[in-house]
Amino acid sequence: MWSYEKKLQYPVNIKNPNPKLAKLIITQYGGPDGELGAAMRYLSQRYTMPYNEAIGILTDIGTEELAHMEMICAIVHQLTKGLTEQEIIDQGFAPYFVDHTAGLYPVAASGVPWSANTFQSTGDPIADLSEDLAAEQKARKTYDNILRFTDDRDVADPIRFLREREIVHFQRFGDALRIVQDNLDYKNFYAYNPSFDKR
Amino acid sequence: MTDNRKDALMKRIQMYAFVAHECALYLDCHPNNAQALERHAKAIKEMNEAVALYEGLYGPLTANAAGNKDWSWVKGAWPWQNKED
């Protein structure tokens with residue numbers, strides 16, 4: 001089970017609202033490579049992951065992704081505070097605003113709501129961990145793209161932290177995949193599925 | 001293999017953690033209720049004692065409690081696994 005800690009993993013203190021930027025960054029909440037999907041992916045996959053080290057990685061990274069989701073929400077929240085109706089119109093925030101006001105709702109930058117269709121839980125450890133490696137790179141890519149449009153240091157600083165975490169997670173999933181393969185038949189990793197086939 | 005003492009200790013932790021949680025939910029909207037505050041504090045104390053005993057005997061319940069001589073976090077069963085696994 002989980003318990004909540006009343007702190008962010010890394011501080012978020014943004015002075016200047018910027019709803020145009022918030023509309024991009026919210027994709028890391030509800031978008032195809034976002035933190036919500038990441039948390040659900042890893043925390044779903046761990047039940048059928050066969051080896052303790054890999055279960056530990058999925059549990060601990062999945063938990064960290066929940067903390068990243070909170071950071072993204074904090075960033076979006078602070079970027080959309082105290083807006084005037086004119087700012088909402090001028091910065092293209094009106095379509096989101098009309099449905100959600102300044103509430104946090106998991107959507108992609110394109111406005112498409114979050115969907116479990118953005119991830120898999122295959123019950124096959126090599127397939128799952130390979131997806132996880134790709135997922136970390138896709139999230140890193142999104143942070144790189146967000147940084148192209150971010151000239152506010154208050155925003156770029158926590159975004160850079162989150163980007164760096166994707167790279168660390170990629171490394172750790174690589175370790176986990178290696179451990180899974182070390183437990184398998186080195187002549188044919190696909191000879192059987194260790195989380196399903198009896199051996 | 002079942003360990004009755006381990007199960008009993010875990011049940012104790014779950015019981016006091018649940019009492020503390022119920023009190024916390026009530027206190028969220030009634031933060032000055034002396035009786036709930038007292039029950040919460042008592043449950044936390046009992047829970048912490050049981051957790052210390054459990055972790056000493058059977059391993060960590062959180063990753064923060066895992067690192068002594070070795071990384072015991074990835075040793076032993078996970079909570080969703082059957083006892084036969």
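B:W80 is partly exposed, with a relative accessible area of 23%. The model is predicted. Chain B and chain A bury about 690 Å² between them, and B:W80 is among the residues of chain B that lose the most area to chain A.

**Interface of chain B and chain A**

- The contact draws on eight residues from chain A and seven residues from chain B.
- Of the area of about 690 Å² buried between the two chains, carbon and sulfur atoms give 59%.
- On the side of chain B, the greatest losses of area to chain A fall to B:V74, B:W78 and B:W80, which together account for 72% of what that side buries.
- Sorted by class, the side of chain B that touches chain A comprises four nonpolar residues, two polar residues and one charged residue.

**Aromatic rings**

- Over all chains, a search of the whole structure finds eight aromatic pairs.
- The rings of B:W78 and B:W80 count as stacked because their planes stand at 25°, under the limit of 30 degrees, with ring centres 5.8 Å apart.
- B:W78 has a relative accessible area of 7% and is therefore buried, the limit being under 20%.
- A cluster formed through ring pairs links A:Y47 with B:W73, B:W78 and B:W80.

**A:T80 in chain A**

- A:T80 is located in the loop between α4 (52-79) and α5 (85-90) of chain A.
- With a relative accessible area of 5%, A:T80 is buried.
- Leaving aside residues up to four places away in sequence, A:T80 touches A:P19, A:A22, A:F93 and A:A102.

**Helix α3 of chain A**

- Helix α3 of chain A, residues 35-45, is mostly covered, as nine of its eleven residues are buried.
- The buried residues of α3(A) include A:E35 and A:R41, together with A:L36, A:A38, A:A39 and A:L43. A:G37, A:Y42 and A:Q45 also belong to this buried set.
- These buried residues pack against four helices of chain A, namely α2 (27-30), α4, α7 (125-148) and α8 (153-182).

Conventions: Residues are numbered from 1 along each chain as its sequence is written. Chains are lettered from A and ligands numbered from 1 in the order in which they are written. This is a predicted model: local features need pLDDT of at least 70, side-chain atom pairs count only at pLDDT 80 or more; totals for chains, interfaces and linings use all residues. Side-chain values use heavy atoms; hydrogens and water are left out. Contact means heavy atoms within 4.5 Å. Buried area is the accessible area (1.4 Å probe) that two parts lose on being put together, summed over both. Ala, Val, Leu, Ile, Met, Phe, Trp, Tyr, Cys and Pro count as nonpolar, Asp, Glu, Lys and Arg as charged, and the others, Gly among them, as polar. Rings of Phe, Tyr and Trp (its six-membered ring) pair if their centres lie within 6.5 Å; planes under 30 degrees apart count as stacked, over 60 as edge-to-face and the rest as tilted. Buried means under 20% relative accessible area, exposed over 50%, partly exposed in between (1.4 Å probe, protein chains only). Helices (H or I, at least four residues) and strands (E, at least two) are DSSP runs, numbered from the N terminus.
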